[in-house]
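Colleague: Could you walk me through this structure, taking one part at a time? I am new to this, so please spell things out.

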Amino acid sequence: MILYIDGDAFPNLLKPIVLKAINRLELKTFVISNKKIDIGKSNFVNYEIVCLGANEADDRIVELVDKNDLVITADIPLANRVIEKEAHAIDHRGELFTKDNIKEYLAMRNLMEEIRDSGEITKGPKPFCKNDTQRFANQLNMFLQKYIK
């Protein structure tokens, strides 16, 4: 299994959690982003900066990801594309996207986008907090225990 991190919006609070897991499990990892992102030093982490553009990093992740790999992203359309390739996706708040729930998340995201596009002012996501960090750490740990032998 290879870990891919959608680096452009990766919260700083998650970096030490992920780096610790990468080093402990010697997990080959790619951090893909439009700009320089540093999650920390590790022989197992490769950084790749792609061209600027709305979906360049997403497209590169989808190009590289294989069945059973793991992608960390808050981007629901990217998570959907990853799941279509039979890989796994976890968001920054600890939600594990699956074949069973991704379409619901995608539909809600698209609905909210349509509402905003119509001129309606909507609330954005809640600010990222320590509880989100804990949920993410728990989900990542459970996932890795299940899939890393």
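Colleague: What covers the buried residues of α1?

Modeller: Before I answer, please keep in mind that this is a predicted model. The cover over the buried residues of α1 includes the strands β1 (3-6), β2 (29-33), β3 (45-49) and β4 (70-72), and it also includes the helix α5 (130-147).

Colleague: Which residues of α1 are buried?

Modeller: Helix α1 spans residues 15-25, and its buried residues are K15, V18, L19, A21 and I22. When you look down the axis of α1, these buried residues fall within an arc of 160°, so they line one face of the helix. An α-helix has 3.6 residues a turn, so residues three or four places apart point the same way.

Colleague: And which ones are exposed on the other side?

Modeller: P16, K20 and R24 are exposed there, on the other side of α1. Just after the helix comes E26, which takes a positive phi of about 50°.

Colleague: Let's switch to the sheet. What is the order of its strands?

Modeller: The sheet is open and has six strands, in the order β3-β2-β1-β4-β5-β6, and the pairing is mixed. The edge strands are β3 and β6 (96-97), each of which pairs on one side only.

Colleague: How do β1 and β2 pair, parallel or antiparallel?

Modeller: They pair in the parallel sense, over four bridges, and within that pair D6 stands opposite I32 in β2. Strand β4 is also parallel to β5 (residues 88-90), to which three bridges join it, and here I72 stands opposite I90 in β5.

Colleague: Which strands does α5 touch?

Modeller: Helix α5 packs on the sheet and touches β4, β5 and β6, with its direction making about 160° with that of β5.

Colleague: Back to β1, then: which way do its residues point?

Modeller: L3 and I5 point one way from β1, while Y4 and D6 point the other way, and all of them are buried. In a regular strand the side chains alternate between the two faces of the sheet.

Colleague: Which residues touch the most other members of the largest nonpolar core?

Modeller: That core has 20 residues, and L3, I5, V18, I39 and L140 touch the most other members. The elements that give two or more residues to this core are β1, α1, β4 and α5. Apart from it lies another core, of 19 residues, with V50, V62, V71 and A79 among them.

Colleague: What does I5 touch?

Modeller: Leaving out residues up to four places away in sequence, I5 touches F10, V18, T29, F30, V31, I32, I39, I61 and I72.

Colleague: I61 makes me curious about α2. Which of its residues are buried?

Modeller: In helix α2, which covers residues 56-64, the buried residues are A57, D58, I61 and V62. Seen down the axis of α2, they fall within an arc of 135°, so they line one face of the helix. Their cover includes β1, β2, β4 and α3 (76-84).

Colleague: New topic: where is S42, and is it buried or exposed?

Modeller: S42 lies in the loop between β2 and β3, and it counts as buried because its relative accessibility is 18%, where buried means under 20%. A polar contact of 2.5 Å joins the side chains of S42 and N23, and the side chain of S42 also reaches the backbone nitrogen of F44 at 3.0 Å. Not counting residues up to four places away in sequence, S42 touches L19, I22 and N23.

Colleague: How about D91, where is that?

Modeller: D91 is in the loop between β5 and β6, and it is buried, with a relative accessible area of 13%. A polar atom of the D91 side chain lies 3.0 Å from the backbone nitrogen of G94, and one lies 2.8 Å from the backbone nitrogen of E95.

Colleague: How far apart are D91 and F136?

Modeller: They are 45 residues apart in sequence and 7.6 Å apart in space, C-alpha to C-alpha. Not counting residues up to four places away in sequence, D91 touches T73, A74, F97 and F136.

Colleague: Last one: what is the phi of N68?

Modeller: N68 has a positive phi of about 75° although it is not a glycine. N68 lies in the loop between α2 and β4, and at 37% relative accessibility it counts as partly exposed.

Note on methods:
Residues numbered from 1 in each chain as written. Predicted model: local features only at pLDDT ≥ 70, side-chain atom pairs only at ≥ 80, totals over all residues. Heavy atoms only, no water. Buried < 20%, exposed > 50% of the residue type's maximum accessible area, 1.4 Å probe, protein only. Arc of directions from axis to C-beta. Contact = heavy atoms within 4.5 Å. Core = buried A, V, L, I, M, F, W, Y, C linked by side-chain atoms within 4.5 Å. Pairing = 2+ DSSP bridges. Axes fitted to C-alpha atoms, helices over the stretch in contact; angles between N-to-C directions. Polar contact = N/O pair within 3.5 Å; in protein donor to acceptor, adjacent residues only side chain to side chain.
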